[in-house]
Amino acid sequence: MEQGLSETFLWGGATAANQCEGAYREGGKGLSTADVVLAGQRGVPRKRTDGVVEGYYYPSHTAIDFYHHYKEDIALFAEMGFRCYRMSIAWSRIFPNGDEEQPNEEGLQFYDRVFDELLKYHITPVVTISHYEIPYHLVKEYRSWSSRRMVDFYCRYCEVLFKRYKGKVKYWMTFNEINVNMLHPEHALGIEIKPDENPYQVIYQASHHEFVASAKAVQIGHSIDPDNKIGMMMLYPTFYAETCNPEDQLVRMEEMNKHYAFSDVMVRGEYSSNMKLYLKRHDVSIKMEPGDEGVLKAGTVDYIGFSYYNSNVATSRKDIQLIDGNMINSVKNKYLTESRWGWSIDPMGLRIALNELYGRYHIPLFVAENGFGAIDVPEETIQDDYRIAYLKEHVQALKDAILIDGVDCFGYTVWGCIDLVSVGTGEMSKRYGMIYVDRDDKGNGSLVRSRKKSFYWYQNLIKTNGKI
């Protein structure tokens, strides 16, 4: 008899508030950094304006209007058979400016309704506390995570969430893809690097503030409810060396170490010797307050959530043209095909990611994001066989990691289970969902939802607990 996954394995889907909720000024919500970012396209970076400027299109303002469609959307998730739903809370919906003493009750009530609706269908919420959006006031007034005061603002926010949703939410993640801080600080941290600044100093000091905030949040969450499972979340890059040239292998190791520097602090509770020397080489001096080292050690996470879409190739060659990937420029891998957006398609890379993470840290893993962005052709039932093929191969790699390699992984959520605004480009036409939403890149459309072919494929996958 074939060994199978645990019956408690958490199959589901994932979204982020700023990419799906909309209602950016309803229910007392304040502006977030996501609300001042314009639409873009592949090869054209999204731009942030100084506040909301008349005459520009901001995709997050309506997005797919989950705020008003959540009951319909959750019913569709339940029809697919979701056991969990990974989502985020919009910080500025709870604290509109971010530095208030008291939270916004209307915002809290909205998420009460969402969680109640999920639990009605026995869908477990998995909640990211901060997912690529920060109250805009905190950016303007304090320069976001550059300021140590952000630790207190964040912890106040976390304490409110842990108390309010005790008994409703058990699984939490403190920050989304925290290692993206070093790749896109404006996007991830809300910080624009000035021309006369050492970018490493700004990024890693701000990251230290997030490390401390996360560690404190873990302690707060555990004290309020010992059943809480609080994790970190990172983008996992899966680097290969271009050749067996030792220099390529060394570059591959160095690239991975840059990313592990973040997870090392949050999982092990201390800066690695490798990271300390890396910071020294880049003239970074982390300003710590007394007690920070103890806080980091006492607030280590319970599990690692991570995103995986594609792999990357590292080379020691200097005169090489790099191709765009998921926020990382990489050498083209001649053994792999690519998506329309130039992302390599590499299911084996997910198995490698699971093994590398579990081998390094020996704590449970959660695949928080995995999915395929594509342009879907609208028809009665969208025939997205390309998405099914991608997901099928990645689920097989996931199963191999668990059942053959012995990796402890307790959940898998397809990114953009419903079409939403792409965070990288601001487009709707780059679709990830198994549910189609009638909305285009300029904000036109009825917002009507419809099931794609992949909807039924995933429904059957969950029903059979991963049988492909």
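**A buried strand and a pair of helices**

In this predicted model, strand β9 and strand β10 (residues 409–415) pair in the parallel sense over three bridges, where strands are DSSP runs of E with at least two residues, helices are runs of H or I with at least four residues, and both are numbered from the N terminus. Two strands count as paired if DSSP finds at least two bridges between them. Within this pairing, asparagine 370 stands opposite valine 414 in β10. Residues are numbered from 1 along each chain as its sequence is written, and local features need pLDDT of at least 70.

Strand β9 (residues 365–370) also pairs with strand β7 (residues 303–307), to which it runs parallel and is joined by four bridges; here valine 367 of β9 is the bridge partner of phenylalanine 306. Six of the six residues of β9 are buried, so this strand is largely enclosed by the rest of the structure; buried means under 20% relative accessible area, with a 1.4 Å probe and protein chains only.

From β9, the reader can turn to helix α13 (residues 385–403), which together with β9 and β10 makes a right-handed β-α-β unit. Right-handed means that, with the strands pointing away from the viewer, the path from the first strand over the helix to the second runs clockwise.

Elsewhere, helix α6 (residues 149–164) packs with helix α8 (residues 199–224) at an angle of about 25 degrees, their axes being 9 Å apart. The two helices are therefore roughly parallel to each other, a description used for angles under 35 degrees.

Methods:
This is a predicted model: local features need pLDDT of at least 70, side-chain atom pairs count only at pLDDT 80 or more; totals for chains, interfaces and linings use all residues. Side-chain values use heavy atoms; hydrogens and water are left out. Buried means under 20% relative accessible area, exposed over 50%, partly exposed in between (1.4 Å probe, protein chains only). Axes are lines fitted to C-alpha atoms, for helices over the stretch in contact, and angles run from 0 to 180 degrees between N-to-C directions. Angles under 35 degrees count as roughly parallel, over 145 as roughly antiparallel, 65 to 115 as roughly perpendicular and the rest as oblique.
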